[in-house]
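Open the model in your viewer and keep the selection tool at hand. This tour goes from one stop to the next.

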Amino acid sequence: MLKSILVLGFVALQMTGSIVQAATLDKQTIIPKPVSVVPAKGTFKLSSKTAIFVVGESAELKQIGSFLSAKLSPATGFGLKVKTSDGKKVAGSIVLSLSANDTQLGDEGYQLTISNNNVSLTANKPAGLFNGVQTIRQLLPAKIEMTTVQKASWELPAGTIRDYPEYSFRGVMLDVARHFFQVADVKRYIDLIAGYKMNVMHLHLADDQGWRIEIKKWPNLTTIGGSTQVGGGKGGFYTQEEYKDIVKYAAERYIMIIPEIDMPGHTNAALASYPELNCNDTATKLYTGTEVGFSTLCTDKKVTYQFITDVMSELASITPGPYLHIGGDESHVTKLEDYIPFVNKVQEIVARTGKKVIGWDEIALSTLQPNTFVQYWAKAYNAQRGVKQGAKVIMSPGANAYLDMQYDTSTKLGLHWAGYIEVDKGYSWDPATLVPGIGKENILGVIAPLWSETITNMKEIEYMVFPRLPGYAEIGWSSPAGRSWSEYKVRLGIQGERFKALDINYYPSKLVTWSK
Ligand code: TNX
């Protein structure tokens with residue numbers, strides 16, 4: 001009798017949480033799923049004595065150490081110090097170091113080794129260490145993401161993770177043109193994608209409804225073109241200083257910003273700002289509706305190309321990344337015989353800035369330069385045509401990866417022209433087999449776009465983005481051989497606690513059992 005009470009009591013204790021040992025490393029629910037996980041006995045326990053050591057004198061490594069400390073300190077209350085080490089293991093610490101060339105890990109991979117005494121994170125490059133830091137966050141209880149001191153047992157299960165991405169491009173696009181979003185919102189979005197090891201944020205900076213980036217030689221673009229948005233609200237724009245601040249914030253999280261100026265269509269904001277960009281020399285009216293495909297730059301005017309040269313040069317000068325995105329989609333009122341030479345000329349203009357061109361799949365109708373990239377969103381035929389010209393493809397298929405598509409018929413925000421994308425549909429596709437004739441070797445990576453015709457604030461962004469975003473991160477990072485919806489949805493459900501801790505307004509899809 002007494003014995004069975006004791007046994008029951010023990011079982012109950014096991015179930016109450018705080019005294020339960022963390023599940024072994026191979027039972028962890030990391031997203032994106034790592035390449036290899038080998039569990040070992042024991043756990044590493046964070047304490048007020050734990051320090052973060054970076055090996056060698058490197059400002060960049062110290063910054064990654066500080067990032068980790070800033071993530072772990074608020075909830076634990078431990079105030080983890082970042083120190084420099086000569087490489088000798090210091091008991092009870094987390095050690096970040098760059099290793100000799102571990103070719104399998106590439107530029108973004110890492111190895112994380114956890115024992116009772118130490119956590120050792122190694123990588124070839126700082127980006128790999130930063131990715132490993134995201135894994136450390138996910139190995140701790142979800143409360144680690146909270147900003148006030150929490151009670152929990154801060155343990156990392158022992159073992160070794162070796163991990164590296166399937167694709168080098170993994171990210172999101174945010175449309176800041178239809179509705180404008182403040183710098184603080186863009187930064188929050190950057191933080192959220194960084195946690196899932198994404199490394200690209202594509203900003204759609206100009207469309208019919210608004211021009212959102214300061215161009216010093218063409219000031220009306222922002223004073224007039226940036227003055228409104230869908231629905232007639234006041235719009236807004238980023239000064240070049242603000243844009244540089246976004247770029248820097250992203251770079252500190254190993255995220256590249258790709259700026260897009262859409263042309264020759266989707267240009268009403270520019271056409272309303274400068275009469276000379278119109279074939280009839282008359283400025284258009286500002287536009288606050290949501291139609292697409294009605295505007296075009298005047299493709300046979302000299303001033304048009306002067307304008308593009310100035311815009312692209314200024315954009316290149318504030319963008320350290322190698323890409324400028326020229327849009328090129330839905331130019332329904334540009335004749336094909338004008339569109340093709342236009343795109344060819346714009347490729348030359350961008351080449352003169354030293355950058356590489358990305359454009360939506362329609363640009364494959366033109367003659368692509370060797371360094372031009374095609375972003376597939378709608379027409380397989382266009383993307384295939386790009387590949388036949390030797391271009392690499394970025395996968396953003398509307399029917400699979402558009403974050404503005406509604407989840408189902410009950411979703412209030414968003415659109416459904418490409419169909420409904422429930423969380424399972426968003427997850428269950430493979431970039432390398434989606435389009436005939438386009439294989440892994442032709443693909444740079446995956447970008448999930450959020451168009452903002454119906455999206456007006458950060459909480460709405462979060463609702464459309466979560467919980468689909470971790471799925472896109474996993475499609476970009478993890479091998480398709482190890483992916484299945486039935487296994488993934490369990491891991492996703494457990495992320496629900498993290499979404500809560502991060503105060504993310506996510507869509508609680510009924511297809512997933514969300515842990516509270
Ligand atoms: C199509 S995707 C567009 C955008 C719209 C989006 C809405 C693409 C290259 N063009 O202009 O915002 O659909 O889902």
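Start with the second largest pocket: its lining has eight nonpolar, five polar and six charged residues. Here Ala, Val, Leu, Ile, Met, Phe, Trp, Tyr, Cys and Pro count as nonpolar, Asp, Glu, Lys and Arg as charged, and the others, Gly among them, as polar. This is a predicted model, where local features need pLDDT of at least 70, side-chain atom pairs count only at pLDDT 80 or more, and totals for chains, interfaces and linings use all residues. Residues are numbered from 1 along each chain as its sequence is written, and side-chain values use heavy atoms, with hydrogens and water left out.

**Stop 1: the second largest pocket**

Select Lys71, Arg137, Glu145, Leu192 and Leu502. Of the 19 lining residues, these lie nearest the centre of the pocket. Now colour helix H2 (59–76), helix H3 (126–139), helix H4 and helix H16 (485–501), the elements that each give two or more residues to this lining. Helices (H or I, at least four residues) and strands (E, at least two) are DSSP runs, numbered from the N terminus. The space in the pocket comes to about 380 Å³. A pocket is an open set of points on a 1 Å grid over the protein atoms alone, with protein on both sides within 12 Å along at least five of seven lines; a cavity is a set where a 1.4 Å probe fits but cannot get out; lining residues have an atom within 4 Å of a point. Grid points are joined across faces, edges and corners, and a volume is the space filled by probe spheres set on the points.

**Stop 2: the two domains**

Colour domain 1 (19–163) and domain 2 (169–481) separately. These bounds come from an automatic or database domain assignment. The C-alpha centres of the two domains lie 35 Å apart. Go back to the pocket of Stop 1: both domains give residues to the lining of the second largest pocket, so it lies between them.

**Stop 3: the cavity**

How many cavities of 30 Å³ or more does a search of the whole structure find? It finds one. The volume of the largest cavity is about 40 Å³. Select Glu108, Ala127, Phe130, Asn131, Arg170, Lys197, Met198, Asn199, Arg253 and Tyr254 to show its lining. Helix H3 gives the most, with three residues. By class, the lining has four nonpolar, two polar and four charged residues. Both domains contribute to the lining of the largest cavity, so it lies between them.

**Stop 4: the open sheet**

Show strands E1 to E7. They form an open sheet of seven strands in the order E1-E7-E5-E6-E4-E2-E3, with mixed pairing. Strands E1 (36–45) and E3 (81–85) stand at the edges with a single partner each, so one side of each has no neighbour in the sheet. Two strands pair if DSSP finds at least two bridges between them. Zoom in on E5 (residues 110–114) and E6 (residues 118–123), an antiparallel pair with four bridges. Threonine 113 has serine 120 in E6 as its bridge partner.

**Stop 5: the barrel**

Next, show the closed barrel of eight strands, E8-E9-E12-E13-E14-E15-E16-E17, with parallel pairing. Strands E14 (residues 356–360) and E15 (residues 373–376) run parallel, joined by three bridges. Glycine 359 has valine 374 in E15 as its bridge partner. Helix H4 (residues 183–194) packs on this sheet, touching strands E8 (169–175), E9 (200–204) and E12 (256–263), and its direction makes about 150 degrees with that of E9. Axes are lines fitted to C-alpha atoms, for helices over the stretch in contact, and angles run from 0 to 180 degrees between N-to-C directions.

**Stop 6: backbone details**

Most residues other than glycine have a negative phi, and most peptide bonds are trans. Select isoleucine 31 and proline 32, joined by a cis peptide bond with omega about -5 degrees. Proline 32 is in the loop between helix H1 (2–15) and E1. Another cis bond joins phenylalanine 466 and proline 467, with omega about 15 degrees. Finish at histidine 266, where phi is positive, near 55 degrees. Histidine 266 sits in the loop between E12 and helix H7 (268–273).

Notes: Contact = heavy atoms within 4.5 Å.
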